[in-house]
Amino acid sequence: MYHSYFLTLAVLHGCFDSTQSVSHPGKCRHDFGSDEVQVNCMSVNFKELPSKAFPGNTTDLSVRFSNLSSITSDDLKILSHLRQLSLIRNQLPVLPADLLLGLSNLQVLDLTGNKLTALSSRVFHHSPLVELALSDNLLSEIDADCLPVNSSLRRLDLSSNRFTQLPVAFLQRLNDLESLDLRNNQLEELAPGALISLPKLEALYLENNRLKSLDASAFIGNPALRQMFLSGNRLENLPAGIFLKQEELVFLDLRNNYLQNLTPGVLDGRLYAALSGNPWHCNSSLAYLWRWTRVNGKRIFHAGKIACQTPEHMKGRNISEIAATELGIRD
């Protein structure tokens, strides 16, 4: 979700060549803009970062698929103008606690696809980070002190790691967070109050975890939520009032769970929903969902795939096309 920030190329300034090359230890592309200098190194087999070969006023540095296995603050401190740093798909197992020392302009850091198993205390204290991507590493927990209290972080990507529970103490430092991505982890529950410190949270990605249930107060501290992604979990029901405080919620993804019916009120409001891939049980208990689909057909993604799983004689039938009498409810 953050890659676009690293791939955006500045409009080339007329008084510079559009590309130049770093001669050691491989070729890297340079792009010069009116207020940006971007360096993009792709699949260059670095043993260490050749920082001295980069322009001292580099603002955006991307080193991808380059087998970089270590990096120090000395490698970066001469690049004090950095605003964006991408180290995607390298081999980094650890980050020094002082890695970002001197990078007082750095706002975007992408460490996707490395081999990080833990993060040093205070490792992100030295830069005013707004976006941090740690996707596809080996993290199962995070030291709360990795970030300063009242961090300026607005977007955090922890997807495709090994979390079995939310790093609550860490999240408590993120009062300005707007987007939290925890897809493809091993979360089994959201402890009550785990997200209460995120009042500005707008997008929450929890797809492909192991969530079996959600507490009615799970999102009580997140009134700004607009998008909720819960597909690919093991949810069997949703408690009444779970989204009562989310007046801004416009999209809810519940695909591929174990839902047989929905508690009345769950989908109320101006809401778009994705509901396919659940084993809906088509009898009178489905009355709320049945009525909602008939009234809000244009708000449903893949409406034709919302089908009965049981009882057997109803299997495969589109819910919205079933007559009320067949479900044993009054239209």
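In this predicted model, the salt bridges number 12 in total. Side chains of opposite charge can pair when their charged atoms come close, and three of these contacts can be followed in detail. One of them joins the side chains of E178 and R155, with a nitrogen-to-oxygen distance of 3.9 Å. E178 sits in the loop between α3 (168-171) and β8 (179-181), whereas R155 belongs to strand β7 (residues 155-157), so the contact ties together parts that are 23 residues apart in sequence. The two partners fall on opposite sides of the cut-off for burial, which is set at under 20% relative accessible area: R155 counts as buried because its relative accessibility is 15%, while E178, at 25%, counts as partly exposed.

A further salt bridge is found between E248 and R226, whose closest N and O atoms are 3.7 Å apart. Here both residues come from loops, E248 from the one between β10 (227-229) and β11 (251-253) and R226 from the one between β9 (203-205) and β10, so that parts 22 residues apart in sequence are tied together. E248 is partly exposed, with a relative accessible area of 40%, and R226 also counts as partly exposed, at 35%. The side chains of E326 and R317 likewise meet in a salt bridge, with 2.5 Å from N to O; E326 is partly exposed at 38%, and R317 is partly exposed at 30%. Through salt bridges that share partners, E131, R155 and E178 are joined into one network.

Covalent links come next, and a search of the whole structure finds 2 disulfides. A disulfide is a covalent bond between the sulfur atoms of two cysteines. C28 is joined to C41 with an S to S distance of 2.1 Å, and the link is right-handed, with 115 degrees about the S-S bond. This pair connects distant parts of the chain, since C28 lies in the loop between α1 (3-7) and β1 while C41 lies in strand β2, 13 residues apart. Both C28 and C41 are buried.

Strand β1 (residues 29-32) pairs with strand β2 (residues 37-42) in the antiparallel sense over 4 bridges, and the two form a hairpin with 4 residues between them. Within this pairing, the bridge partner of R29 is N40 in β2.

The other disulfide is formed by C282 and C308, whose sulfur atoms are 1.9 Å apart. The torsion about its S-S bond is about -95 degrees, so this disulfide is left-handed. C282 is placed in the loop between β13 (280-281) and α4 (287-295), and C308 in strand β15 (residues 308-310), so the bond ties together parts that are 26 residues apart in sequence. C282 and C308 are both buried. When the bonded cysteines are numbered in sequence order, the pairing reads 1-2, 3-4. Another cysteine, C146, is buried with a relative accessible area of 0%.

Finally, attention turns to empty space. Rolling a probe the size of a water molecule over the atoms shows where empty space is left. The largest pocket holds about 230 Å³ of space, and 18 residues line it, with F243, Q246, V266, D268 and G269 lying nearest its centre. By residue class, the lining of this pocket divides into 10 nonpolar, 4 polar and 4 charged residues.

Note on methods: Residues numbered from 1 in each chain as written. Predicted model: local features only at pLDDT ≥ 70, side-chain atom pairs only at ≥ 80, totals over all residues. Heavy atoms only, no water. 1 Å grid on protein atoms, 1.4 Å probe; cavity = no way out; pocket = protein on both sides within 12 Å on 5 of 7 lines; lining within 4 Å. Points joined across faces, edges and corners; volume = space filled by probe spheres on them. Nonpolar A, V, L, I, M, F, W, Y, C, P; charged D, E, K, R; others polar. Pairing = 2+ DSSP bridges. Salt bridge = Lys/Arg side-chain N within 4 Å of Asp/Glu carboxyl O. Buried < 20%, exposed > 50% of the residue type's maximum accessible area, 1.4 Å probe, protein only. Disulfide = S-S within 2.5 Å.
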